[in-house]
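The points are grouped by topic after the display.

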Amino acid sequence: MQVPLLELPQAQFILMSATLGDVSQLSSDLTRRTGRDTASVTGVERPVPLHYFYETTPIHETIDDLLGTGQAPIYVVHFSQAAAMERAQALSSTKVATREQRDEIAALIGGFRFTTAFGKTLSRFLRAGIGVHHAGMLPKYRRLVEQLAQRGLLRVICGTDTLGVGINVPIRTVLLTALTKFDGTRMRQLSAREFHQIAGRAGRAGFDTAGTVVAQAPEHESDNIAAIKKAGDDPKKKRKIIRKKAPDGFVSWGEPSFRKLIDAEPETLTSHMQITSAMMLNVIGRGGDVFGNMRALVYDNHEPRKRQRELALRAIGIYRTLLESGVVEQTDDGEIRLTVDLQPNFALNQPLSPFALAAFDLLDRDPAAGTGTGSYALDMISIVESTLDDPRAILGQQEFLARGEAVAAMKREGIEYDERMELLEEITYPKPLDELLTAAFETFSAAQPWIRDFELHPKSVVRDMYERAMSFGEYVAYYKIARSEGVVLRYLSDAYRAASQTIPEEAKDEDLRDLIEWLGELVRQVDSSLLDEWEELVNGVLHGPDDEPIVPPAPKRLTSNTRAFRTLVRNELFRRVQLAAREDVSALADLDPSFGADAWSDALDGYFADHDEILTGANARSAQLLLITEGTTEWTVRQILDDPAGDHDWGISATVDLAASDEEGAAVLTVTGVDRL
């Protein structure tokens with residue numbers, strides 16, 4: 001929010017928060033910029049007062065007591081997604097909601113599409129009156145929980161502190177399961193701002209006369225208190241008590257920490273101004289005095305002078321990069337402007353996007369040239385992926401599976417344990433074009449030193465999903481990351497936006513356009529809200545929370561996006577090609593039960609009597625080997641198998657049901673034959 005404060009001095013701002021801390025500096029800065037007096041309203045009593053309690057009973061007893069004394073809705077705050085899910089599972093075996101409440105919830109969510117494995121688990125929790133809310137969930141699931149909570153239908157919500165930031169959900173009681181959290185680097189106690197943000201969820205204006213904030217004692221403390229109570233006044237029993245110690249790595253907290261946080265003032269906000277290539281493009285695109293406007297952003301912000309000088313050097317480096325890459329130009333009279341050949345939605349929306357723009361030129365569209373992978377489109381996507389933030393939940397599982405496969409292979413080869421462990425250190429998640437991109441990054445950063453402030457991260461998520469010919473649900477299940485499916489979707493949507501906006505139109509061939517369309521449609525069919533919000537912001541459309549129904553509208557018909565649907569059909573067929581190459585008859589029969597294991601087995605026997613293997617490289621999945629006859633209700637398709645001799649005399653025939661595909665949000669395909677042409 002710093003840029004609007006800097007760039008809109010003619011606007012009148014109302015800045016509201018209970019956790020801003022000392023606002024005197026911000027107030028005086030606003031007065032200086034706007035020329036108007038700034039009124040600071042502080043110290044106002046909360047309209048719904050909060051009562052604070054520290055509980056040492058076991059947490060399930062605490063929740064039962066709160067429910068029994070009319071303190072619902074209760075938000076049970078955890079600081080890990082796994083803990084929130086475990087708590088919801090434990091509560092699902094108890095009676096949280098009444099029959100009438102459960103019936104009302106069931107009626108409201110009856111038409112909701114719970115399309116993923118996590119969604120089916122969430123549906124079960126919701127029907128019991130229990131919500132789950134954390135950042136790893138799909139946006140549509142989080143919104144559903146928020147909407148049901150706003151209607152007062154969820155008596156307990158188990159989540160992380162995500163519900164404590166910027167979301168208006170009516171909660172009567174906040175129950176903190178801990179006063180510490182892992183911040184990505186270390187375990188630490190909550191800051192005063194974090195505590196007050198979470199605690200501030202309690203107490204509903206217009207509904208509650210008071211809110212309740214409960215801190216649950218650490219488990220070892222509760223166990224020790226329970227043991228002392230059990231011993232009673234018997235000195236012998238008291239002497240026999242073996243007190244539980246805090247677990248290893250435990251960051252100490254207790255009732256004194258809780259009382260200190262209650263009285264603590266939120267920390268003062270500090271500036272974290274960044275100058276990015278996207279920001280500079282916006283300033284240049286706005287026209288006018290580009291140099292003066294950029295200088296004002298750099299030197300008239302809330303940063304200390306030393307930091308402003310660093311931002312100035314960053315801005316100069318970014319400008320030189322944009323100039324050398326041809327994205328902007330400077331005329332003889334000093335005018336700075338964008339070049340005219342950029343697509344309307346062109347944007348460098350990642351810090352390393354200027355590097356990606358330069359790296360695109362390293363690839364050759366000739367499939368036999370360039371990187372040697374034989375896949376220009378996928379290599380372009382790999383460059384884009386290398387500039388995105390790492391989705392650690394996915395990469396961790398990719399590395400885990402890769403190391404498991406490597407260990408199994410080394411055991412078969414008889415490699416000794418010590419050597420295996422040494423070799424295992426070299427195994428990581430897939431990094432396409434790693435050597436090429438790393439070398440290019442070194443060259444690029446030598447001329448543009450500012451770029452070294454960011455790290456290049458070669459990885460394969462979009463590419464991995466495409467090459468495995470998997471749907472979203474299959475990919476999440478394969479890597480066992482159901483709890484983080486929201487992270488997967490956000491990454492895919494970021495990749496789609498980056499590929500759409502960063503790759504120049506002239507660099508996109510038909511295969512790359514197909515791939516980008518496939519990626520966008522995949523995201524929309526899983527949960528369109530992220531892309532819908534982006535497109536609404538671009539088009540200037542605004543919606544309020546009251547516009548959202550409990551059951552959102554179904555996604556657009558999948559088959560209406562013909563380019564993306566063709567790619568989905570191609571992926572479905574290529575998945576069968578991959579399984580056939582491995583002679584995995586069982587998996588093939590699972591995909592096509594009507595065709596059956598015996599038919600697949602007979603067909604593969606016939607193929608391997610003619611050819612040594614089924615190829616699965618880039619040529620094998622090319623559009624040239626897929627024949628499609630498009631009908632109004634059904635497509636007839638034939639996937640030609642790529643054999644070593646290049647005879648292309650065998651293929652898989654199938655039909656595609658268009659209506660069923662629209663209903664499922666995926667290509668619904670039925671194999672009708674596998675035979676020689």
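Among contacts in the protein with a separation of 6 or more, 71% join residues 24 or more positions apart. The model is predicted, and it has 28 helices and 14 strands.

**Overall size and surface**

- Taken along the principal axes, the box filled by the C-alpha atoms is roughly 85 × 75 × 60 Å.
- Of the 677 residues in the protein, 47% are buried.
- The protein has an accessible surface of about 34200 Å², and carbon and sulfur atoms contribute 51% of that surface.

**Helices α23 and α25**

- Helix α23 covers residues 510-526 and helix α25 covers residues 562-581; their axes come within 8 Å and cross at roughly 90°.
- That angle falls in the range of 65 to 115 degrees, and α23 and α25 therefore count as roughly perpendicular to each other.
- On the α23 side, the contact is made by Glu510, Arg513, Asp514, Glu517, Trp518 and Glu521.
- On the α25 side, the contact is made by Arg563, Ala564, Thr567, Leu568, Arg570 and Asn571.
- By type, the residues of the contact of α23 with α25 are 7 charged, 3 nonpolar and 2 polar.

**Leu66**

- Leu66 is part of helix α3, which spans residues 59-68.
- Leu66 counts as buried because its relative accessible area is 7%, and the cut-off for buried is under 20%.
- Not counting residues up to four places away in sequence, Leu66 touches Gln71, Ala72, Ile74, Thr173, Leu175 and Val214.

**Arg403**

- Arg403 sits in helix α17, which runs over residues 392-412.
- With a relative accessibility of 25%, Arg403 counts as partly exposed, because that class lies between the limits of 20% and 50%.
- Leaving aside neighbours within four places in sequence, Arg403 is in contact with Leu424, Glu425 and Ile427.
- Arg403 and Ile427 are separated by 24 residues in sequence, and their C-alpha atoms are 6.0 Å apart in space.

Conventions:
Residues numbered from 1 in each chain as written. Predicted model: local features only at pLDDT ≥ 70, side-chain atom pairs only at ≥ 80, totals over all residues. Heavy atoms only, no water. Helix = DSSP H or I, 4+ residues; strand = E, 2+ residues; numbered from the N terminus. Buried < 20%, exposed > 50% of the residue type's maximum accessible area, 1.4 Å probe, protein only. Contact = heavy atoms within 4.5 Å. Axes fitted to C-alpha atoms, helices over the stretch in contact; angles between N-to-C directions. Parallel < 35°, antiparallel > 145°, perpendicular 65-115°, else oblique. Nonpolar A, V, L, I, M, F, W, Y, C, P; charged D, E, K, R; others polar. Areas by Shrake-Rupley, 256 points an atom, 1.4 Å probe, with all protein chains shown as cover.
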